[in-house]
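Good morning, everyone, and thank you for making the time. Please bring up the chain on your screens, and I will walk you through it step by step.

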Amino acid sequence: MKRVEAIIKPFKLDDVRDALSSIGAQGMTITEVKGFGRQKGHKEIYRGAEYLVDFLPKIKVELVVPSELVDQVVEKIIEAARTGSIGDGKIFISPVERAIRIRTGEQNQDAL
């Protein structure tokens with residue numbers, strides 16, 4: 001099992017969710033986050049004063065999938081989230097040692 005974490009632009013969330021559903025990836029956790037990478041924020045003008053906005057709003061999508069599904073999941077996220085401009089996001093993949101469904105006690109693949 002692998003945990004796939006993707007940091008994406010907020011307006012791409014529906015596209016990513018639909019793309020993952022199309023390949024049978026079930027269950028995901030969505031978190032509203034803020035951050036910056038190479039974008040380094042941007043400037044905004046509010047009531048005539050200029051402000052540097054360091055942290056930009058992003059969406060973090062987390063899901064745990066069987067190892068054999070990881071490549072498909074990554075491919076679908078890239079297809080759905082890519083705009084071709086700076087700030088499209090990042091994907092992180094890490095191993096999951098164990099998963100347990102609290103309600104039933106099912107473990108590992110059965111818990112997904």
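This is a predicted model: local features need pLDDT of at least 70, side-chain atom pairs count only at pLDDT 80 or more; totals for chains, interfaces and linings use all residues.

Let me begin with strand S1, which is joined to strand S6 (residues 89-95) by seven bridges, the two strands running antiparallel. Within that pairing, Ala6 of the chain has Ile91 as its bridge partner in S6. When I speak of strands pairing, I mean that DSSP finds at least two bridges between them, and the strands (E, at least two residues) and helices (H or I, at least four) are DSSP runs numbered from the N terminus.

Residues are numbered from 1 along each chain as its sequence is written, and side-chain values use heavy atoms, with hydrogens and water left out.

S1 (residues 2-8) has another antiparallel partner, strand S5 (residues 56-65), and seven bridges join these two as well. Here Arg3 has Val64 as its bridge partner in S5.

As for the whole chain, there are two helices and six strands, and along the sequence they follow the pattern β-α-β-β-β-β-α-β. Of its 112 residues, 29% count as buried, where buried means under 20% relative accessible area, exposed means over 50%, and partly exposed lies in between, using a 1.4 Å probe and protein chains only. Among contacts (heavy atoms within 4.5 Å) between residues at least 6 apart in sequence, 71% join residues at least 24 apart.

Let me now turn to Glu62, which has its place in S5. Is Glu62 buried or exposed? Glu62 is buried, because its relative accessible area is 17%. The side chain of Glu62 makes a polar contact with the side chain of Arg3, at 2.9 Å; a polar contact is a pair of N or O atoms within 3.5 Å, where, within protein, one must be able to donate a hydrogen and the other to accept it, and residues adjacent in sequence count only if both atoms are side-chain atoms. Leaving aside neighbours within four places in sequence, the residues in contact with Glu62 are Arg3, Val4, Glu5, Met28, Thr29 and Thr31. Of these, let me pick out Glu5: the C-alpha atoms of Glu62 and Glu5 are 4.5 Å apart, although the two residues are 57 apart in sequence.

Next comes Met1, which is found in the segment before S1. Met1 counts as buried because its relative accessible area is 16%. Its C-alpha atom is separated by 4.8 Å from that of Ser67, which is 66 residues away along the chain. Not counting residues up to four places away in sequence, Met1 touches a list of residues including Val64, Ser67, Pro95, Asn108 and Leu112. Asn108, in the segment after S6, has a phi near 55°, a positive value in a residue other than glycine, and Asn108 is partly exposed, with a relative accessible area of 30%.

Now for helix H1 (residues 13-22), whose buried residues are Leu13, Val16, Ala19 and Leu20. They lie on the same side of H1, because they cover an arc of only 130° around the axis, the arc being that of the directions from the helix axis to the C-beta atoms. The buried residues of H1 pack against S1, strand S2 (29-35), S5 and helix H2 (70-81). After H1 comes Gly24, with a positive phi near 85°.
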